[in-house]
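Hi,

Here is the structure I said I would pass on.

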Amino acid sequence: MNEPKSPFRTSVFLRYVRGFVYHLFNLEEGKADEEEVIEDIKRGVTFRGTNLWILICAIFICSIGLNVNSTAVVIGAMLISPLMGPIIGVGLGVGILDLDLIRRALKNLGIAAGISVLSSTVYFLITPLDDAQTEILARTTPTLWDVLIALFGGFAGIIASTRQDKSNAIPGVAIATALMPPLCTAGYGIATGQWAFFIGAFYLFAINCVFITLSTVLIVKYLRFRRRHYVDDATDRRVQIWVGFFVLATAIPSVFLAANVVRKSFFERKARDFVEAEINTPTTQIINQQLLYRPDTSRIVITCIGQTLDSSQIRQISKQLPKYGLDKTELIVRQNYNEVNAHMLDEFNTNLRTGILEDLYKKNEELVQNKDARIDMLEKEIARYRTINTQSGDIGQEIKVQYPNINEFSLTMSPIFNLKTAKADTAYLAYAKFAKRPSSRETKRMEDWLKVRVKSKDLRLVVQ
């Protein structure tokens, strides 16, 4: 016979497990002094001087990162952003009922948010890049997952803030909850007049603020921080009701958005399964597919090549949609253009060939004309040089009559490069060699005579 288990042993085991779990998850261990934690959080609430300038710099860095679609730059901006301070300050104020801290934290949070949106708006007004990159689009449709990120990020942030040994949790929370990018995206929406972007981004910022505040309130109450003001039970309930109202008002729209995202994801998965199984056959190849989800009537638009599907086949395939859970879905098949529009393709090819031949003919004609013009120019140059060579002999005989002691003479066209003006030109170059070198006066008279003879003032005479 089996001995019955002793109740004493069972209770001892349960106490051991309970003690082990309590020790494992105990937040009292390593907790900093309560007053020290409160003062530290209060110091991070105020925005002026250094904090304000750091915020503005971080906003511009984040805006640039969103503008050029750089994730690394956006993360860097979130690391230096001081926006977490007033949000945790609001949560702490609600948790310990410090009305002055709540007012101061809300005021500074409003100032920080206003300056952030204004700074990002200024940047996006002056930047030449106005396309909405993926980093911007990712901040325009918040969902339930953003709520969970803000909630658990807030838990991590306030727990780290209450420890004696500070960790790197606060920068990590700033990155995870992404407080800065939604404000920059809101500025982008104002600058470009896209108000849907502004609303979506500011809603994401509101989600982060509310749920980081909520997690801060819960941890502060769990750690039993002392209240700063005494209130009666009715006032305490009113505060809890208002907190609950803001939490629900912020969370409910995100639930609907998340549900829409989930339905869209399910639709796309089912649609891909349907296309793969029913349409993508060895005789038909899909070259493009568009999966357009709508709550009322979705669409699957297929463009395929290969064997053409007639209307009866398309209707038969469409009847299989409910089998894949695609009841409210319309199938649109764009047919094989190789067979359906063969005549149009032949006509297009003919027109294309004709156009190419016409272009070639025009280009060849222009090329021939250019060559004829260049040949004509070269022939004129050759004729000119021949004329100069003929003139050289005739002019030499004329000079011999005037200057009997001349032995050699030549006349050519020569390129001349001006070293001061860096310009090139051409001029007549006359060369004369005498048995006895003439005087400078005779040389000048010969040069003037040559200019008149060749009918050009641009002549150089070299005498030897």
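**What I found**

Let's start with Phe155, which sits in helix H8 (residues 144–161). Bear in mind throughout that this is a predicted model. Leaving aside residues up to four places away in sequence, Phe155 touches Ser215, Leu218 and Ile219.

On to confidence. The chain has a mean pLDDT of 80, with 88% of its residues at 70 or more. Which elements have the lowest and the highest mean pLDDT? Helix H14 (residues 337–340) has the lowest, at 47, and helix H10 (residues 180–192) the highest, at 91. Where pLDDT is low, the predicted coordinates should not be read in detail.

Now the helix packing. Helix H11 (residues 195–222) packs with helix H5 (residues 84–96) at an angle of about 45 degrees, and their axes are 8 Å apart. An angle between 35 and 65 degrees is neither roughly parallel nor roughly perpendicular, so H5 and H11 are oblique to each other. Their crossing is right-handed. On the H5 side the contact is made by Met84, Ile87, Ile88, Val90, Gly91, Leu92, Val94, Gly95 and Ile96. H11 brings Cys209, Ile212, Thr213, Thr216, Val217, Val220 and Lys221 to that contact. Of these, Cys209 counts as buried, because its relative accessibility is 11%.

H11 also pairs with H10: their axes come within 7 Å and cross at roughly 160 degrees. That is over the 145-degree cut-off, so H10 is roughly antiparallel to H11. This crossing is left-handed. The residues making the contact include Pro182, Leu183, Tyr188 and Ile190 of H10, and Trp195, Phe197, Phe198, Phe202 and Phe205 of H11.

Finally, the cysteines. How many disulfides does a search of the whole structure find? The count is zero. For reference, a disulfide is a covalent bond between the sulfur atoms of two cysteines.

Cheers

Note on methods
Residues numbered from 1 in each chain as written. Predicted model: local features only at pLDDT ≥ 70, side-chain atom pairs only at ≥ 80, totals over all residues. Heavy atoms only, no water. Disulfide = S-S within 2.5 Å. Buried < 20%, exposed > 50% of the residue type's maximum accessible area, 1.4 Å probe, protein only. pLDDT = per-residue confidence, 0-100. Helix = DSSP H or I, 4+ residues; strand = E, 2+ residues; numbered from the N terminus. Axes fitted to C-alpha atoms, helices over the stretch in contact; angles between N-to-C directions. Parallel < 35°, antiparallel > 145°, perpendicular 65-115°, else oblique. Left-handed = near helix turned anticlockwise from the far one by under 90°. Contact = heavy atoms within 4.5 Å.
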